[in-house]
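Dear colleague,

I am passing on the structure below for you to look over. My notes on what was found in it follow, and I would be glad if you read them with the coordinates open.

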Amino acid sequence: MNNVKKRKDPLIRISKRDVPVWWKSLIIRVVAVAFALVACAGLIVIISDYNPLDVFKTMIEGNFGTERKIWNLLQNTALLLCISLAVTPAFKMKFWNLGAEGQALIGALSTAACMIYLGDKLPSPVLILVMLVVSILSGMIWAVLPAIFKAKFNTNESLFTLMMNYVATQLVLYCITFWENPKGSNTVGIINFDSESGWLPALFDQKYLLNILIVTVITVIMYIYLKYSKHGYEISVVGESENTARYIGINVKKVIIRTVLVSGAVCGITGFLLVSGTHHTITADTVGGQGFTAIMVSWLAKFNPFVMAGVSFLITFLERGAGEIATILRLNQSVAAIMQGIILFFIIGSDFFINYKINFRSSKKEGHK
Amino acid sequence: MSNKPVAIELKKITKTFGKVVANKDVDLTVYEGEILSILGENGSGKTTLMNMISGIYFPDSGQIFVKGKEVSIQSPNDAFSLKIGMIHQHFKLVDVFTAAENIALGVDDGKKFDLKRISADIEAINKKYGFNIDLKKKIYEMSVSEKQTVEIVKVLYRGADILILDEPTAVLTPQETQKLFAILRKMREDGKAVVIITHKLHEVMSISDRVSVLRKGEYIGTINTAEANESILTEMMVGKKISLDIDRSEPKDPVDRLVIKNINCSNREGVKILNDVSFTARSGEILGIAGISGSGQRELLEAIAGLQKLDSGSIIYHNSKTGKEDNLRDKTPIQIRELGIRLSFVPEDRLGMGLVGNMDIVDNMMLRSYKKGKSVFLQKKEPKTLAEKIIKDLEVVTPSASTPVRRLSGGNVQKVLVGREIAASPTVLMAAYPVRGLDINSSYLIYNLLNQQKEKGVAVIFVGEDLDVLIDLCDRILVIGGGQINGIVDARTTTKEEIGLMMVKSKGGNADE
């Protein structure tokens with residue numbers, strides 16, 4: 001009995017909560033963000049001379065300060081949302097697609113190729129349609145290769161899709177040396193600068209509006225697809241339990257390949273939007289790591305497309321605010337990255353408090369005589 | 001009894017998990033040199049209570065006294081230093097270690113680690129209680145009963161005076177159970193306090209000195225086994241009188257419905273799992289399958305359901321209406337359904353195979369039928385009606401039809417699954433361990449459902465573990481051992497002992513070959 005100390009209850013005990021009510025979860029999330037902001041403020045006070053409130057204000061102004069800034073915010077949100085929607089069917093099926101980056105990049109590459117080679121041969125509306133189809137196809141090819149190997153030989157899809165990213169990047173670098181404009185710049189430059197052939201047109205004088213509308217439509221379609229279609233149902237069953245899927249006679253391999261094709265297609269569309277609707281050029285950095293951020297967005301939103309819109313908005317807001325405080329306040333950009341990390345940490349951590357409750361040792365014990 | 005010294009005393013122990021009250025104000029006393037049974041249905045809080053003594057959970061309130069001293073047990077290590085040892089239902093052994101290594105694992109007596117010395121100590125224990133284990137044998141080579149012996153020796157080696165066994169007989173044959181009981185009696189003579197958790201009444205009667213009954217987390221009472229009988233105990237357990245008889249009707253003109261001939265199958269490593277299995281399932285009859293778990297029951301049912309590839313053999317389905325015969329071998333579940341064969345299957349792994357835990361009851365109803373119709377969208381109306389019907393007819397306790405099934409209790413999960421499979425009005429119904437983990441009321445409800453199906457002329461195949469139930473419920477019992485059929489007996493004339501012997505026959509048989 002040597003190591004049993006005198007009778008003492010543990011200081012903290014953790015117990016599971018009942019089914020959380022949605023508004024309680026929401027309150028916990030809001031409180032988490034509030035705490036996160038306090039922690040950020042503390043950080044700013046420690047490492048700089050700025051008033052944290054000024055820093056927050058700068059972030060907000062950086063996002064909402066001018067009409068142009070608001071459009072940029074919405075555009076970036078839309079593109080992050082688009083690629084997040086793309087990874088969602090695969091992840092819901094527990095297919096670890098880490099290759100959204102490459103799939104979008106290859107979509108972007110084929111879009112750019114169409115613009116360069118067909119720019120003066122086809123009328124712009126036809127060209128845009130061709131670009132869309134080609135980008136979707138190339139995204140699908142990039143995604144389905146690992147899926148086929150997974151279905152046939154049970155290869156590890158995370159590694160395979162990850163490798164495919166590098167292949168895509170190198171392909172882009174290779175093509176850039178072909179398409180260099182002007183020669184020796186090692187960049188492609190703005191494609192079809194004069195004719196604007198293959199550029200997504202501006203709606204109501206807003207060049208990003210069409211992008212945003214397209215992504216909105218994809219969001220709604222994806223929501224319906226996942227929630228109300230038979231395909232969506234099969235995706236959930238395969239993701240939850242492959243054994244159950246086999247038991248009811250779902251052809252698991254077929255569902256895997258079909259779902260990954262959907263993922264690849266939406267990735268391709270993201271690439272298309274990036275080139276045709278946004279940058280009108282291509283670099284190896286066109287997707288810029290969004291393919292990985294998308295995984296976080298998708299999981300944080302628990303695969304709900306509408307929640308994803310909110311999460312994408314939050315992350316884009318933080319990223320843009322980060323850029324702003326780096327330029328205006330000359331704070332190191334890393335500070336902003338740290339703040340982003342803190343806020344995400346609190347949001348993810350709040351899950352724990354939604355599902356569990358913490359009991360402290362009470363001074364008086366019930367049932368004690 | 002009261003003249004014996006008290007080993008453990010619990011006072012007003014309460015433990016809650018969220019809204020669920022697992023134990024409420026439970027009092028319990030265990031004396032040295034006795035065997036105490038803790039009896040209760042599944043979910044009555046037996047295991048939770050014992051886990052608080054062995055340091056896995058910590059009570060919300062209440063006091064624990066060990067040998068008269070109040071203690072606070074915060075970890076299994078605390079329990080061990082109080083000489084309390086628990087043998088869990090799911091063994092906690094390292095597969096690639098030998099028996100001796102597993103027993104020595106985690107014991108720090110301050111001396112140099114010397115497997116030889118430890119082995120000698122273990123042998124002394126083995127001798128004292130008559131255990132028969134090979135210390136150099138690796139765990140993965142052992143049978144379930146050997147593994148259990150290792151667990152018991154492990155606890156004794158650590159010097160436990162108070163042993164808690166959580167449903168130790170669930171995985172044993174009748175013969176192995178008798179051996180275990182002999183050992184437990186020896187421990188009692190040695191002055192140890194033995195607590196055994198169980199819900200099998202006849203075991204309670206044969207092994208224990210006293211019985212403490214829990215119901216829905218509350219302590220109902222303790223009686224001396226000598227003064228008890230099965231109906232008193234049941235009433236304490238369930239709270240009302242219930243009849244423990246299963247009505248068994250005579251099969252009505254049975255015809256061969258499923259003829260299995262010489263099927264063989266092996267697993268990925270090429271090890272044979274089914275060895276030349278042949279039998280016939282008839283309509284209007286319940287065919288029981290008995291055997292030690294893992295003898296090939298799962299593969300057999302999965303082969304019939306179209307989930308397991310066979311090396312050879314045939315599974316012929318006789319359609320009594322059309323006279324058509326179909327070979328189901330290597331057909332997928334969908335192909336079988338397309339042949340118009342209504343084959344229902346309640347698999348052993350309910351939430352991992354029969355249902356999807358995170359989906360609600362309605363979505364789970366759809367599993368079998370979601371493909372119906374040409375629309376690309378799901379039709380939720382029919383499954384919703386079905387879900388509500390099953391909830392009503394089978395008295396499923398659930399907040400609503402849109403509750404994820406993983407939130408339901410074991411019995412209710414099973415009602416949902418069985419309800420769905422029966423709703424397809426099957427001609428063949430296979431059920432693997434359908435009452436495992438269910439309380440008495442739910443179990444009898446399932447037996448009745450199977451009986452109803454039988455009377456409707458369904459060929460029912462029932463894989464069970466409780467031999468008493470198999471003998472009372474089935475018409476014929478097929479005994480499987482090591483992937484072979486060791487015999488088919490008439491359930492009306494056979495005995496538990498006969499089946500028990502047949503269950504283990506194959507091992508001897510293999511050695512002779």
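B:R282 is partly exposed, with a relative accessible area of 28%, where buried means under 20% relative accessible area, exposed over 50%, and partly exposed in between, using a 1.4 Å probe and protein chains only. This is a predicted model, in which local features need pLDDT of at least 70 and side-chain atom pairs count only at pLDDT 80 or more, while totals for chains, interfaces and linings use all residues. Residues are numbered from 1 along each chain as its sequence is written, chains are lettered from A and ligands numbered from 1 in the order in which they are written, and side-chain values use heavy atoms, with hydrogens and water left out.

The side chain of B:R282 meets that of B:E285 in a salt bridge at 3.2 Å, N to O, the term being used for a side-chain nitrogen of Lys or Arg within 4 Å of a carboxyl oxygen of Asp or Glu; B:E285 is buried, at 3% relative accessibility. Another pair is B:R298 and B:E299, whose closest N and O atoms are 3.5 Å apart; here B:R298 is partly exposed at 45%, whereas B:E299 is buried at 12%.

B:K389 and B:D393 also form a salt bridge, with 2.8 Å between the closest N and O atoms, and both lie in helix α13 (residues 381-393) of chain B, 4 residues apart, about one turn of the helix. Helices (H or I, at least four residues) and strands (E, at least two) are DSSP runs, numbered from the N terminus. B:K389 is partly exposed at 48%, as is B:D393 at 44%.

**The interface of chains A and B**

How many salt bridges does the rule find across the interface of chain B and chain A? The rule finds 0 there, although 16 residue pairs, both at pLDDT 80 or more, are in polar contact between the two chains; a polar contact is a pair of N or O atoms within 3.5 Å, where within protein one must be able to donate a hydrogen and the other to accept it, and residues adjacent in sequence count only if both atoms are side-chain atoms. On the side of chain B that touches chain A, α11(B) gives the most, with 4 residues.

With kind regards
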